[in-house]
Amino acid sequence: MASQIQQNLVEKNKAYASSFTKSGLALPPAKKYAVVTCMDARIDPSSAYGISLDDAHAIRNAGGSARNALRSLVISEQLLGTNEILLVKHPGCGMLTFKNEDVKGVVEKNLGSEAAAEVKSWDFLPFSDLEEAVREDARYSNESKLIPEYVGISGWVYEVETGKVRTVEDR
């Protein structure tokens with residue numbers, strides 16, 4: 001039996017598909033950029049960042065991590081022609097609330113020693129300073145041999161309290 005969430009997906013998709021007219025869109029994003037942002041449920045990248053269907057690649061992960069998104073960014077640039085990256089983090093992010101040891105301890109407590117062994121060497125990429133984390137992601141992206149020099153990279157903070165974005169300049 002389908003869960004309530006699965007039933008909702010099917011119902012909402014039926015409504016969406018009934019008026020869908022965008023089947024002819026090209027695979028590469030029309031505006032040739034990618035946004036890396038947090039998976040936080042309070043963020044709607046399309047509305048908050050003005051991304052229309054087929055404009056850009058929206059890559060979401062815990063903390064809006066450029067390191068975690070690198071695989072997708074390489075595909076976006078090398079195979080699909082994007083030439084700009086917007087890196088967006090936000091205040092109140094869960095990644096500001098723990099250290100690697102904390103999540104590893106929770107994994108061991110909840111899932112056991114085999115699961116703990118699996119994540120022992122993982123970096124969950126938490127951060128303690130929001131703006132510095134944006135700068136670090138921008139530096140990481142600029143220094144990566146996998147992101148060409150011609151790709152523009154900028155860092156941003158999305159204020160979940162107001163819906164506004166602001167740029168974060170490198171020091």
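A residue is called buried when its relative accessible area is under 20%, exposed when that area is over 50%, and partly exposed in between, as judged with a 1.4 Å probe and the protein chains only. Ala17 is partly exposed, because its relative accessible area is 45%, and the place of Ala17 is in helix 1, which covers residues 4-18. The structure examined here is a predicted model, in which local features need pLDDT of at least 70 and side-chain atom pairs count only at pLDDT 80 or more, while totals for chains, interfaces and linings use all residues. Residues are numbered from 1 along each chain as its sequence is written, and side-chain values use heavy atoms, with hydrogens and water left out.

The protein has 6 helices and 5 strands, where helices (H or I, at least four residues) and strands (E, at least two) are DSSP runs numbered from the N terminus. Read from the N terminus on, these elements follow the order α-β-α-β-α-β-α-α-α-β-β. The C-alpha trace spans about 50 × 50 × 35 Å along its principal axes, and 35% of the 171 residues count as buried. The protein exposes about 11000 Å², of which carbon and sulfur atoms supply 53%; accessible areas come from the Shrake-Rupley method with a 1.4 Å probe, and for residues only the protein chains shown count as cover. Where contact means heavy atoms within 4.5 Å, 68% of the contacts between residues at least 6 apart in sequence join residues at least 24 apart.

Helix 6 contains 14 residues, which at 1.5 Å a residue should span 20 Å, and its end C-alpha atoms are 20 Å apart, in agreement with this value; the expected span is 1.5 Å times one less than the number of residues. Among the buried residues of helix 6 are Leu130, Val134, Asp137 and Ser141, and the buried residues of this helix pack against helix 3, strand 3 (84-89), strand 4 (152-158) and strand 5 (165-168).

The axes of helix 3 (residues 66-78) and helix 6 (residues 130-143) come within 10 Å and cross at roughly 40 degrees, the axes being lines fitted to C-alpha atoms over the stretch in contact, with angles from 0 to 180 degrees between N-to-C directions. The contact involves Ala66, Arg67 and Leu70 of helix 3 together with Asp137, Tyr140 and Ser141 of helix 6. These residues divide into 3 nonpolar, 1 polar and 2 charged, where Ala, Val, Leu, Ile, Met, Phe, Trp, Tyr, Cys and Pro count as nonpolar, Asp, Glu, Lys and Arg as charged, and the others, Gly among them, as polar.
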